[in-house]
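Biologist: Hi! Could you walk me through this one?
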Amino acid sequence: MSSVIQEVASTRRAASERRKGDGRMAALFLAPWFAGLFLITAGPMAASLYLSFTDYDLLSAPAWVGLDNYTRMFEDPRLLQSLQVTFTYVFVSVPLQLAAALALALVLDKGMRGLALYRSVYYLPSLLGGSVAIAILWRQIFGADGLVNQVLALLGIEGTGWVSHPDHALNTLIILNVWTFGAPMVIFLAGLRQIPRMYYEAASIDGAGPVRRFWSITVPMLTPIVFFNLVLQVINAFQNFTQAFVVSGGNGGPADSTLLYTLYLYRKGFADLDMGYASAMAWFLLLIIGGMTLVNFLASKYWVHYDD
Amino acid sequence: MTDLATPSKVTFAEPSSPSDRRVRRTDGAVRRIRSAVASVLKHTALIVFGFVMLYPLLWMLMSSIKPNALIFREPGLIPTDVDLSNYTDGWSALLHPFSRYLINSAIVVLGAVIGNLVSCSLAAYAFARLNFRGRNFWFAIMLMTIMLPIHVIIVPQYVMFSRLEWINTFLPLIVPKLLATDAFFIFLMVQFFRGIPRELDEAARIDGAGHLRIYWQIMMPLALPALATTAIFTFIWAWNDFFSQLIFLTKPDMYTVPIALRTFVDSTGESSWGALFAMSIVSLIPVFLVFLFGQKYLVKGIATTGIK
């Protein structure tokens, strides 16, 4: 009996010693991350929160202005415009992108010939889409004598300078974002593969046709993946910058029609050196993205089906 | 092709087509012919759609080897007159030869890849294998930093780096990676490390190996797929990155490829699309090569984690 107690005690001691040793090792392994967390992330976060309550042009010391930057935002027509542009961009491009991704994933679902090749072809634009080169390409494709108008001319339709027209410029950016549907498509494909085959077989035996099987099995089983993609793509879309910057020549034109929020933030901070305002804008962006993500999570209760 | 007749396949031969129900009632021969026809149609549609997807890229490639005047006159792909002078013109169109920007980008990318591989794997080892106080707390913090938009920290980071006189050096782009600020990859590796059997570490521990040795000699070799995913995505992201390079690099000597390309648009404008396309193609080649050789990991990485 006593030997058992001794054994337990010594194991405990060993375990606690090991934990202490682990603590020191953990500090060593985590040292770079801790340094990054405090110096590169948390510190600047705190500083940016502080700066958001100041007037700061980088040259003179920040001057405390309280909530001025935040109240200013609601009286700034360009900022309101950028919000409208951004929300339009996100609300139009993300659903279209996910619909394309889902449709292709359903067509490509497992076991078909050439799957790997199709997947690669559709996925490639996702990898390149964020690059300046593609933004330049887009600028030309939708330009006055660009590819789109050449094709339209063949059909006898006279085009317009899409990127230089305030009514159409944002649409070209939306098309560019939809074009990168390959990334969510690959996730959908992985999700489809995880639906147990036996569900379909059982439903078939019960006499369910393909349409019924799609709506009663595929759709509900896939909702967690749809949700995952939705959350991810919304967060991404709110932060897009490069394409709008390059296509609009850096100023969100024409007539601020492509002034994405991040582009306006960049201009305020790094062109106008209005760093306090830019910081306030950044925190507002965090609030918007956090809010959208929260809404997504709350709404998910009503449509996302978890199999447990 | 024979597997097209299995029930699971029928589900995915377009759920919307009501003809499927009729198909099942007809006899085998007709069914086989029908599914062969359906399959041919499906593949044709997929190929056509894939071609449309890739057309802008092919068009840019072909335009880059056409004389400037022809780019706007013929929308077709096949050049009637091949002219490689776009590449030589583009190469020397800016202040420095384009090789300068390629080298700058290569330095940034290499630093980012090494930084992420080392620092993220160290942190991941601690979270996956070490017992220490506050592990769950720090793990949660780490997860939260994944969702943080860069805009929230960019202004104070800029202030900090300019005080350190790091603007127009590569340090602001590399040092954060050495400090594991791409927390996303920590998460990826934690997930991977958790899947490696603990018996391996235990055995090594009994043989007297310390954590550093276990990390280096057991975990790292086994984690090659996760390391490859990290390296590939870091490469592509850092190569395509525009926002932070635009902010931290303002001297032409230090320009990376995306910044150089963007300067190209502004300085030469619409007059030399051919040269611009040529350099755009050059800028896409590294990403394309990584895509080609890293496909296996890319698809797995994105399917399990949702990165683009």
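Biologist: Which domains does chain B have in the domain assignment?
Modeller: Chain B has domain 1 (22-53) and domain 2 (94-306), with bounds from an automatic or database domain assignment. This is a predicted model, where local features need pLDDT of at least 70, side-chain atom pairs count only at pLDDT 80 or more, and totals for chains, interfaces and linings use all residues. Residues are numbered from 1 along each chain as its sequence is written, chains are lettered from A in the order in which they are written, and side-chain values use heavy atoms, leaving out hydrogens and water.

Biologist: How far apart do the C-alpha centres of those two domains of chain B lie?
Modeller: They lie 43 Å apart.

Biologist: On to the contact: how many residues does it take from chain B and chain A?
Modeller: Chain B gives 98 residues and chain A gives 97, with contact meaning heavy atoms within 4.5 Å.

Biologist: And how much area do chain B and chain A bury?
Modeller: About 8,800 Å², 76% of it on carbon and sulfur atoms. That is accessible area (1.4 Å probe) lost on putting the two parts together, summed over both.

Biologist: Which helix of chain B gives the most to the side that touches chain A?
Modeller: Helix α16 (residues 273-305) of chain B, with 15 residues; helices here are DSSP runs (H or I, at least four residues).

How values were computed. Helices (H or I, at least four residues) and strands (E, at least two) are DSSP runs, numbered from the N terminus.
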